[in-house]
Amino acid sequence: KLLGCAPMHLPEEMVHAAGVTPVVLQPGHEPITLGHSYFYSFFCGYVRGTMDLFLKGSFDFVDGVAFPDTCLQMRGLCSILRDKWQHYLEFMQLPADVRKPDALPVTLKALRVFQKSLEEWTGRRIAAKDFRESILLYNESRSLMRQFYHLCRERPGLLRPREIQAVALSSLLWPKEEQKTLLRSLLKELEGHRTSAPDKARLFLSGHLCHAPQPEVLDLVDKAGGVVVNDDLYAGYRSIASDVAVDGKPLEALGRRYLANFPPCPTRSDNESDWGRYLVESARSSRAQGVVVLLVKFCEPHIFYYPHLRHALEAAKIPHLVLETEHELTALEAERTRLQAFVEMIGKS
C-alpha cells in the first residue's frame with residue numbers, strides 16, 4: 001500500500017513499520033482550476049494545489065492519506081477530503097504547545113491512535129522489531145542526506161539550487177530502501193567533482209514549511225550570482241535535521257522527536273526554542289553572507305513569525321531579503337532584480 005502523507009509532522013517510520021510506503025504529498029506546478037471550487041484564493045498554494053490534484057485524480061495512485069494537525073488551512077483540506085476521498089483517511093491531533101507538562105502523554109496518545117488506525121487498515125500488527133528496523137532505516141537515510149548537505153556547504157557551487165532541491169525531494173518521495181542506495185552512489189560521484197564558485201555570494205534559504213519552492217524561483221539565485229550553502233526548507237534540511245532515538249520504546253522515541261521541535265517550527269508553540277536564533281546560528285555555521293527568506297503567500301504561521309525572524313537577523317547584523325512566493329508563478333523580473341541587488345550588496349560588504 002501507498003499512503004499519501006501531508007507535511008510536516010507525520011511519523012513516517014510508523015507508516016513504514018506497518019508495511020506501507022509513505023509518500024509526502026507535494027502539489028504540482030500546473031495552474032489550479034478545480035481547487036478554487038473549495039478554497040478561497042487567499043488560502044495557501046499547498047492546500048489549493050493539493051485539493052486540485054485530488055479532484056483531478058492525480059493522487060489516485062495512493063491507497064490512503066493521512067494528515068497531521070499542522071495549521072487551520074490543513075485542517076480544512078482534511079475535512080473536505082473526508083467527503084470527497086473514498087479511501088482510507090486519518091487525521092493526527094498532535095499537541096501544538098510542545099512545552100506543556102502533559103505534552104508527552106498527549107503526543108503518545110495521538111501516536112497510539114494513529115498506530116491502531118494503521119493496524120486496522122492494513123490488518124497487520126506493528127511489531128516492536130519492525131518499528132526499530134524502520135527507525136534505523138530512516139535514520140540512515142537522514143544521515144546520508146546530511147552528508148550531502150555538508151558536501152554542498154563545503155563546496156559551494158557543486159550543484160545548482162534546483163539540483164539540490166531535486167535531491168532533497170527524493171527523501172520525501174522515494175522508498176528509503178532505494179533512496180539510500182542512490183544517495184550513496186551520488187555522494188561517491190560528487191566527491192570527485194570540483195567546484196568553481198569562489199566569487200559567488202553564499203546564501204542561506206529559509207521558509208517554505210510544507211512544499212518545495214518552484215524551480216524557477218530557485219533559478220533566480222543562480223542567475224543572480226549566488227550559491228546556496230544551506231537551508232531550513234521542509235523539502236530540504238528541515239526534514240532530515242534530526243534522528244529518532246534508537247534506545248528505549250519506539251513510540252516514545254517518535255514522540256520525543258516531535259516535541260524536540262528541531263529545527264524550530266512556527267506551527268508549534270514553544271517558548272524555549274527560537275526559530276530566529278536557530279536561523280542566525282545556522283547561517284553563521286554555514287558561513288552564509290546573507291539569508292533569503294522564501295515566504296509562501298498566505299502561510300499564516302510563517303507570516304506571523306516573520307517579525308521575530310527579522311528582529312533576530314537584524315540584531316545579528318545578517319543581511320536578509322524576503323521573497324514572497326505563490327503557486328501561480330507570475331513574472332519574476334521584479335524578484336530577480338531585487339535578488340541581484342541583494343547579492344551585489346552582500347558581495348561588496
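I take buried as under 20% relative accessible area, exposed as over 50% and partly exposed as in between, with a 1.4 Å probe and protein chains only. By that scale I have glutamine 147 as partly exposed, at 42% relative accessibility.

The model is predicted: local features need pLDDT of at least 70, side-chain atom pairs count only at pLDDT 80 or more, and totals for chains, interfaces and linings use all residues. Residues are numbered from 1 along each chain as its sequence is written, and side-chain values use heavy atoms, with hydrogens and water left out.

**Entry: glutamine 147 and its helix**

I placed glutamine 147 in helix α5. Helices are DSSP runs (H or I, at least four residues), numbered from the N terminus. I then looked up the C-alpha separation of glutamine 147 and leucine 183: 9.6 Å, for residues 36 apart along the chain.

**Entry: α5 with α7**

How do α5 and α7 pack? I find an angle of about 25 degrees and axes 10 Å apart, for α5 at residues 128-154 and α7 at residues 176-191. Axes are lines fitted to C-alpha atoms over the stretch in contact, and angles run from 0 to 180 degrees between N-to-C directions. The two helices α5 and α7 are therefore roughly parallel. The cut-offs I use are under 35 degrees for roughly parallel, over 145 for roughly antiparallel, 65 to 115 for roughly perpendicular, and oblique for the rest.

The crossing of α5 and α7 is left-handed, that is, the near helix is turned anticlockwise from the far one by less than a right angle. I listed the contact (heavy atoms within 4.5 Å). From α5 it includes Leu137, Leu144, Gln147 and Leu151. From α7 it includes Lys176, Leu183, Arg184 and Glu191. By class, I note ten nonpolar, three polar and six charged residues in the contact of α5 with α7. Here Ala, Val, Leu, Ile, Met, Phe, Trp, Tyr, Cys and Pro count as nonpolar, Asp, Glu, Lys and Arg as charged, and the others, Gly among them, as polar.

**Entry: α5 with α6**

α6 spans residues 161-173 and packs on α5 at about 170 degrees, with the axes 11 Å apart. α5 and α6 are therefore roughly antiparallel. Met145, Phe148, Tyr149 and Cys152 of α5 meet Ile164, Val167, Ala168 and Ser171 of α6.

**Entry: aromatic pairs**

How many aromatic pairs does a search of the whole structure find? I get twelve. Rings of Phe, Tyr and Trp (its six-membered ring) pair if their centres lie within 6.5 Å; planes under 30 degrees apart are stacked, over 60 edge-to-face, the rest tilted.

Phenylalanine 148 and tyrosine 149 are edge-to-face, 5.8 Å centre to centre with 90 degrees between the planes. Phenylalanine 148 is buried at 0% relative accessibility. Tyrosine 149 is buried too, at 3%. I also looked at Phe39, Tyr40, Phe42 and Phe43, which form one aromatic cluster. Phenylalanine 42 is partly exposed, with a relative accessible area of 47%.

Which residues of α8 (215-223) are buried? I list Val217, Leu218, Asp219, Leu220 and Val221. Glycine 225 follows α8, with a positive phi near 90 degrees.

For α9 (250-260), the buried residues include Pro250, Leu254 and Tyr258. Their cover includes α1 (12-17), α4 (103-122) and α5. Asparagine 261 follows α9, and its phi is positive, near 50 degrees.
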